[in-house]
Amino acid sequence: MNNKNRKTIYILLSLSFLMIFGGAFSHYIDGLKKDHEAVLKRTVDVNNTYEELTTNVSLFEDEREKLYGTSLKETYFDNFYQTNQEILEKLSNFEAMVNEIEKKTKYMDSLCDTYYMDSGANTKCANYKLIYEQVNNYFVSDIDNYNKNVRSYNLVNVNKVNIYQTTRKYIDYNDDKTMDGKM
């Protein structure tokens, strides 16, 4: 082979390697860009879901105050039989709110399995479990108190009323060895 052909082969091989490495580098950069976009989307999802969660918690707190401020506060043994069905319906709605908060919490579980560059997202990921734990345990405590009142009422009255049935139990959702919200 002559020198001209060798130079051409070297040039073609060099260009081939350059194109292969250039393509691999471009693919790598494109992958980084897509990962960055996915992380940004997850960060937005964390912020939006946390906002929805806190809104639901505020509604839960408002409903709890109303429940204690009206229905449970104004219920006495002499009118307990007449008002019990209404109270049971309100407690059912109250539990539906906890169920909705639980759905948001489960979604946050799937989003908060990574570390974010956004400190606000990391803070939200650190806090949502405590919030859910408190809401759930307040609800269970409220139901326990209500059911104690029902049992006391049923001991001394002919007209019996039903306790509120729930499958919810006290939880330690954030695994800190305390059950926040348990009274």
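Which helix holds both Lys-90 and Glu-86, and how many residues apart do they lie? The first legend answers this.

This is a predicted model, where local features need pLDDT of at least 70, side-chain atom pairs count only at pLDDT 80 or more, and totals for chains, interfaces and linings use all residues. Residues are numbered from 1 along each chain as its sequence is written, and side-chain values use heavy atoms, leaving out hydrogens and water.

**View 1. Lys-90 and Glu-86 in helix H2.** Both residues lie in helix H2, four residues apart, about one turn of the helix. Helices are DSSP runs (H or I, at least four residues), numbered from the N terminus. Lys-90 forms a salt bridge with Glu-86, with the closest N and O atoms 3.2 Å apart. A salt bridge puts a side-chain nitrogen of Lys or Arg within 4 Å of a carboxyl oxygen of Asp or Glu. The whole structure has seven salt bridges.

**View 2. Asp-113 meets Arg-42.** Their side chains form a salt bridge (2.6 Å, N to O). Asp-113 sits in the loop between helix H2 (80-111) and helix H3 (119-156), and Arg-42 in helix H1, 71 residues apart. Asp-113 counts as exposed because its relative accessibility is 58%. Exposed means over 50% relative accessible area, buried under 20%, and partly exposed in between (1.4 Å probe, protein chains only). Arg-42 is partly exposed, at 26%.

**View 3. Asp-142 meets Arg-64.** This salt bridge also spans 2.6 Å, N to O. The pair links helix H3, holding Asp-142, to helix H1, holding Arg-64, 78 residues apart. Both residues are buried.

**View 4. Asp-45 in helix H1.** Helix H1 covers residues 3-71. Asp-45 counts as buried because its relative accessibility is 16%. Not counting residues up to four places away in sequence, Asp-45 touches Tyr-107 and Leu-111 (contact means heavy atoms within 4.5 Å).

Notes: Helix = DSSP H or I, 4+ residues; strand = E, 2+ residues; numbered from the N terminus.
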